[in-house]
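Trainee: I would like to learn how to read a few features of a protein model. Can we go through them one at a time?

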Amino acid sequence: MRVIICGAEGQLGSDLVKVFRSRGEEVFGYDLDLDITDYDLVMEKIPPLRADLLVNTVADIDADRAELDPEPSLKVNFTGNQNLVLACLGCGCAMAFISSDYVFDGRKGSAYNEFDPPNPQGVYGRAKLASERYLASLLPRHFIFRTQWLFGKAGKRNFVKSILRNAREKGGLRVVTDEVGTPTCTADLADTVYRVCSSGKYGLYHATNQGVCSRYDFAREILEIAGWKDIPVEPIRYAELNLPYPRPPYSPLDNMNLRLQGFPLARHYREPLEEYVAWLLEEGGL
Ligand SMILES: NC(=O)c1ccc[n+]([C@@H]2O[C@H](COP(=O)([O-])OP(=O)(O)OC[C@H]3O[C@@H](n4cnc5c(N)ncnc54)[C@H](OP(=O)(O)O)[C@@H]3O)[C@@H](O)[C@H]2O)c1
């Protein structure tokens with residue numbers, strides 16, 4: 001298979017490059033060298049590669065900034081994806097898009113499966129949902145993976161790194177209790193994306209690690225694994241932070257379609273989290 005990964009230097013993209021290459025696939029990785037918001041550039045670069053699959057992991061994930069200034073966010077999260085869909089449409093390439101739990105409002109009270117109606121509450125979530133729908137309406141051979149709370153070796157920022165950096169620099173933390181979800185290791189997610197995409201079972205999948213926790217519990221676990229249990233963590237409510245994006249309070253993703261299609265589910269998040277924190281402290285350069 002000839003595979004294009006967009007966002008190849010990000011957390012998930014870099015693991016996708018590794019996983020697809022390790023299975024013998026021919027991979028073309030692009031990041032800022034192929035700005036997906038540039039329609040002409042996308043149309044010039046993508047079709048000549050004669051790829052079988054394009055995976056779009058590119059995003060502007062700053063949901064708070066998007067509430068204050070929507071257009072730059074929409075340009076990447078919707079228009080950029082639109083350009084890739086149009087390029088794939090023109091050259092017969094299948095496409096995978098990475099979406100988010102932010103397509104839900106988080107008020108259901110239990111985990112969301114693929115049959116639950118979305119109800120995004122802000123610009124970032126609405127752009128993700130619009131991109132899902134645009135892709136699904138134009139390319140029958142598509143995959144959509146909704147995921148959440150990613151942590152991986154590449155990329156600039158994630159919750160695990162922030163907790164450890166802030167603990168070291170400030171000596172104490174305040175973390176919210178009213179955002180609940182599933183931390184997800186990008187290497188495990190890349191493995192799932194590979195399995196599903198190489199199966200040809202097109203469609204919508206919720207794909208995370210297993211287990212559920214609040215941001216507060218997650219922070220405590222990270223510190224415990226790091227051996228920094230004495231760092232005080234004050235539990236707070238999201239409202240106290242006055243952030244513009246209304247986070248879904250409870251949005252774990254039930255990986256129902258993976259189960260229904262007989263794919264193995266990823267492991268509990270604790271195991272990769274232990275490996276990741278150890279790696280960050282030993283060689284990850286916090
Ligand atoms: N991170 C999460 O917790 C989370 C949760 C749910 C869903 N997701 C989704 O999962 C996907 C992967 O997330 P991630 O955390 O791996 O993202 P990431 O680490 O930020 O990777 C995205 C990569 O795309 C690059 N990029 C940004 N704008 C671009 C453009 N216009 N053209 C080409 N490349 C561009 C980024 O470069 P710069 O870093 O220089 O901007 C970065 O290298 C995204 O679709 C995201 O929405 C993420």
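Predicted model: local features only at pLDDT ≥ 70, side-chain atom pairs only at ≥ 80, totals over all residues.

Trainee: What describes two packed helices?

Mentor: Two numbers are used: the angle between the axes and the distance between the axes. Axes are lines fitted to C-alpha atoms, for helices over the stretch in contact, and angles run from 0 to 180 degrees between N-to-C directions. Helices are DSSP runs (H or I, at least four residues), as are strands (E, at least two), numbered from the N terminus. Here α4 (residues 70-91) and α5 (residues 123-138) have axes 10 Å apart, at an angle of about 10°. That makes α4 roughly parallel to α5 (angles under 35 degrees count as roughly parallel, over 145 as roughly antiparallel, 65 to 115 as roughly perpendicular and the rest as oblique).

Trainee: Which residues of α4 and α5 make the contact?

Mentor: Contact means heavy atoms within 4.5 Å. Among them are L74, F78 and L86 of α4 and Y124, A127 and L135 of α5. The residues of this contact divide into 13 nonpolar, five polar and no charged. Ala, Val, Leu, Ile, Met, Phe, Trp, Tyr, Cys and Pro count as nonpolar, Asp, Glu, Lys and Arg as charged, and the others, Gly among them, as polar.

Trainee: Is N255 buried or exposed?

Mentor: Buried means under 20% relative accessible area, exposed over 50%, and partly exposed in between (1.4 Å probe, protein chains only). N255 has 2% relative accessibility, so N255 counts as buried. N255 sits in the loop between β12 (233-236) and α9 (256-260). Leaving out residues up to four places away in sequence, N255 touches E114, H206, A207, T208, Q210 and L265.

Trainee: And how does S110 count?

Mentor: S110 counts as partly exposed, because its relative accessibility is 33%. S110 lies in the loop between β4 (94-100) and α5.

Trainee: How many residues surround the ligand?

Mentor: There are 25, and the closest are L12, D31, Y124, K128 and K156. A residue is near a molecule or strand if one of its heavy atoms lies within 4 Å of it. A polar backbone atom of L12 is 2.9 Å from an oxygen atom of the ligand.

Note on methods:
Residues numbered from 1 in each chain as written. Heavy atoms only, no water. Polar contact = N/O pair within 3.5 Å; in protein donor to acceptor, adjacent residues only side chain to side chain.
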